[in-house]
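Trainee: I have a model open and want to learn how to read it. Please take me through it feature by feature.

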Amino acid sequence: MLILNGTPFQPATLQLTGIPGMQAGQAWVALVFCILYLISIIGNLTILALVIKEPALHQPMYYFLSVLSLNDLGVSFSTLPTVLATFCFNYRHVGFDACLVQMFFIHTFSFMESGILLAMSFDRFVAICDPLRYATVLTNNRILAMGLCILAKSFTTLFPFPFLVKRLPFCKGNVLHHSYCLHPDLMKVACGDIHVNNIYGLFVVIFTYGIDSTFILLSYVLILRAVLAIASQEQQLKALNTCMSHICAVLAFYVPIIAVSMIHRFWKSAPPVVHVMMSNVYLFVPPMLNPIIYSVKTREIHRGILKVFYKSQS
């Protein structure tokens, strides 16, 4: 273990990297990332503005959607400074403490998204399985309490991470494998005992993704059972159609997570570009897809966008 002035050695700055093998086409990569950011930011801001402005959208389902959009903006803005600096300005250095702050926010917003999707599945469960009590169960105060609980859970579980990383010495270099800071990436250049970090990281993943995904699956099992009990096939399809946007959002979030886990577990010899691209898909695709999914699949959101568009034309 390297010691400097009685404290574990930590570099003043860390070096970020782009996408391996694509140095020649960096301008095109920068353009792709800028488009992804524009779609994500404009799309989620549009959803937020519609929910605030349109009285018809002042319902629990759309309140949860606005929270999801706000969280997706948090994910986008957490990665934006270093990604644009890396690909647009070829500036690849980030301060060690700034890297820890970015790591905390990226992971916090990612874990919050899982909790928000769980809350949205509960909304669909109540709407389909107990529609007569929908308005009394999902009151504004309960929605606010659920949102604060999701925030508190993510903040408290992720808060120890910067301090767990800060205590480690870094003697395997200062080059990271992404254009942003992630906890697993920092562990690859740490040379101290990282068992505590790995064990706590596994606990957090199980406590959030594991529990949330289990309850989301359980809610849809109960929803499917309730739908199959409906006599009319037309009413069955109508009930399931109200869940399609949420199902697509869940798949957009969890499929990349499962793919990343499978690659790390069963394809350890995969080229570095595969790991980097899958991490980019995990962080950039859900914030971009969610507003598109809800704009296309949710009639009220679609109508609201068309209403604003026609107003601007007139």
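Trainee: How far apart are the end C-alpha atoms of residues 62-84, and how much of the span is helix?
Mentor: Helices (H or I, at least four residues) and strands (E, at least two) are DSSP runs, numbered from the N terminus. In this predicted model, the ends of residues 62-84 lie 31 Å apart, and the span is 100% helix and 0% strand. For residues 143-165 the distance is 34 Å, with 96% helix and 0% strand.

Trainee: Where does UniProt place the feature "transmembrane region"?
Mentor: UniProt positions are in the numbering used here, feature names are shortened, and annotations may be inferred rather than shown by experiment. The unreviewed entry places "transmembrane region" at residues 27-50, 62-84, 104-122, 143-165, 199-223, 244-267 and 273-293.

Trainee: What ground rules apply?
Mentor: Residues are numbered from 1 along each chain as its sequence is written, and side-chain values use heavy atoms, leaving out hydrogens and water. The model is predicted, so local features need pLDDT of at least 70 and side-chain atom pairs count only at pLDDT 80 or more, while totals for chains, interfaces and linings use all residues.

Trainee: Where is confidence lowest, and where is it highest?
Mentor: pLDDT is the predictor's confidence in each residue, from 0 to 100. Where it is low, the predicted coordinates should not be read in detail. The chain averages 89, and 95% of the residues score at least 70. Strand β1 (residues 3-4) is lowest, at a mean of 46; helix α3 (residues 96-129) is highest, at 96. Over residues 1-7 pLDDT stays under 50. The model has 8 contacts (heavy atoms within 4.5 Å) beyond four places in sequence for them.

Trainee: How do α1 and α11 cross?
Mentor: Two packed helices are described by the angle between their axes and the distance between the axes. Axes are lines fitted to C-alpha atoms, for helices over the stretch in contact; angles run from 0 to 180 degrees between N-to-C directions. Under 35 degrees counts as roughly parallel, over 145 as roughly antiparallel, 65 to 115 as roughly perpendicular, the rest as oblique. The axes of α1 (residues 26-53) and α11 (residues 272-297) come within 9 Å and cross at roughly 40 degrees. They are therefore oblique.

Trainee: Which residues of α1 and α11 meet?
Mentor: Among them are Phe33, Tyr37 and Asn44 in α1, and Asn280, Phe284 and Pro287 in α11.

Trainee: How do α10 and α11 pack?
Mentor: Helix α10 (residues 244-266) and α11 pack at about 175 degrees, axes 9 Å apart. They are therefore roughly antiparallel.
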